[in-house]
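The sequence and structure are shown first.

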Amino acid sequence: MTIEGRIIELGENINIDLRPITQIMNKIGAELIDASIIGTSPALCLPGKIYLDLNKLETISNDELVPFILLHEIAHYKRFTNPYLDLDNKTKNIGLMTVDEYCELVIKEEILADRWASLMYYIIYKNKFPRELTQKLGEQTHLNRYVNGLKNIYNAFSHYGDESRDIMSKNFIKYVR
């Protein structure tokens with residue numbers, strides 16, 4: 001079964017139609033990859049690819065999160081493909097940024113992806129996505145915790161030069177199914 005088929009089947013299992021989301025994924029030409037992702041994240045976007053840990057997505061207890069996560073990754077994908085943002089080059093070598101610049105860039109992208117996913121969720125499902133289910137990076141406690149994690153990532157990978165992003169992805173993607 002294709003990954004799109006597995007996503008649609010997942011939607012049937014949670015009683016949420018995920019076909020509109022797979023249509024968006026097909027329209028933008030995203031390469032979807034089912035992978036085992038290390039840590040708690042069920043998805044990861046890199047330029048040209050969206051990695052989905054379908055096993056993790058199947059175990060999410062709040063069904064509304066599944067379409068939101070997919071839409072969130074689509075938002076990242078769309079921003080990577082925007083030539084005016086140049087995110088591909090900016091994220092290739094994170095060592096060219098200071099730790100504060102890196103944190104600012106990632107937080108901005110995460111907030112934008114959450115907002116876009118919330119908007120699309122509303123457009124597709126005619127329901128407002130619960131704000132409490134987002135990353136809540138507008139709240140200081142959540143933001144501080146997130147920044148601490150980003151600083152650890154920056155410190156671990158910023159010295160790899162042009163291979164920073166590739167080495168990061170190899171550390172977060174255990175294997176492709």
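## A loop residue and a strand residue

Ser41 sits in the loop that joins β1 to β2, the latter covering residues 43-46. The model is a predicted one. With a relative accessible area of 31%, Ser41 is partly exposed, because partly exposed residues fall between the 20% limit for buried and the 50% limit for exposed. Ser41 and Met1 are separated by 40 residues in sequence, and their C-alpha atoms are 23 Å apart in space.

Ser36 belongs to strand β1, which runs over residues 31-37. Its relative accessible area is 10%, so Ser36 is buried. Which residues does Ser36 contact, leaving aside neighbours within four places in sequence? They are Asp53, Phe172, Ile173, Lys174, Tyr175 and Arg177.

## Nonpolar cores

In soluble globular proteins, nonpolar side chains tend to be buried together. The largest nonpolar core of this model has 47 residues. Within that core, the members that touch the most other members are Ile7, Leu18, Leu52 and Leu70.

Residues up to four places away in sequence are not counted here; beyond them, Leu52 touches Ile3, Ile7, Ile33, Asp34, Ala35, Ile37, Pro42, Ala43, Leu57 and Leu70. Another core, of six residues, lies apart from the largest one. Ala35, Ile37, Leu46 and Tyr51 are among the six.

## Helix α4 against helix α6

Helix α4 spans residues 65-80 and helix α6 spans residues 99-125. Their axes come within 8 Å of each other and cross at roughly 125 degrees. That angle makes α4 oblique to α6. The crossing of these two helices is right-handed. Sorted by class, the residues in the contact of α4 with α6 are 13 nonpolar, three polar and six charged.

## Helix α6 against helix α7

Helix α7 covers residues 140-157, and its axis comes within 10 Å of the axis of α6. The crossing angle is roughly 125 degrees, so α6 and α7 are oblique to each other. α6 passes α7 in a right-handed crossing.

Which residues make the contact between α6 and α7? From α6 come Val99, Tyr102, Cys103, Val106, Ile107 and Glu110. From α7 come Leu143, Tyr146, Val147, Leu150, Lys151, Ile153 and Tyr154. By class, the contact of α6 with α7 has eleven nonpolar residues, no polar ones and two charged ones.

Glu104 is also located in helix α6. Is Glu104 buried or exposed? Its relative accessible area is 60%, so Glu104 is exposed. Glu104 and Leu150 are 46 residues apart in sequence, with 9.7 Å between their C-alpha atoms. Leu150 is one of the α7 residues in the contact with α6.

## Residues with positive phi

Most residues other than glycine have a negative phi. Asn15 is not a glycine, yet its phi is positive, at about 65 degrees. Asn15 is placed in the loop between α1 (3-14) and α2 (19-28). The relative accessible area of Asn15 is 71%, so this residue is exposed. In sequence, Asn15 and Asp63 are 48 residues apart; in space, their C-alpha atoms are 8.3 Å apart.

Lys136 likewise has a positive phi without being a glycine, with a value near 55 degrees. The loop between α6 and α7 holds Lys136. Is Lys136 buried or exposed? Its relative accessibility is 19%, so Lys136 counts as buried, because the limit for that class is under 20%.

## A residue of helix α2

Gln23 has its place in helix α2. The relative accessible area of Gln23 is 53%, so Gln23 is exposed; the exposed class is reached over 50%. Gln23 and Glu4 are 19 residues apart in sequence and 9.0 Å apart in space, from C-alpha to C-alpha.

Notes: Residues numbered from 1 in each chain as written. Predicted model: local features only at pLDDT ≥ 70, side-chain atom pairs only at ≥ 80, totals over all residues. Heavy atoms only, no water. Axes fitted to C-alpha atoms, helices over the stretch in contact; angles between N-to-C directions. Helix = DSSP H or I, 4+ residues; strand = E, 2+ residues; numbered from the N terminus. Parallel < 35°, antiparallel > 145°, perpendicular 65-115°, else oblique. Left-handed = near helix turned anticlockwise from the far one by under 90°. Nonpolar A, V, L, I, M, F, W, Y, C, P; charged D, E, K, R; others polar. Core = buried A, V, L, I, M, F, W, Y, C linked by side-chain atoms within 4.5 Å. Buried < 20%, exposed > 50% of the residue type's maximum accessible area, 1.4 Å probe, protein only. Contact = heavy atoms within 4.5 Å.
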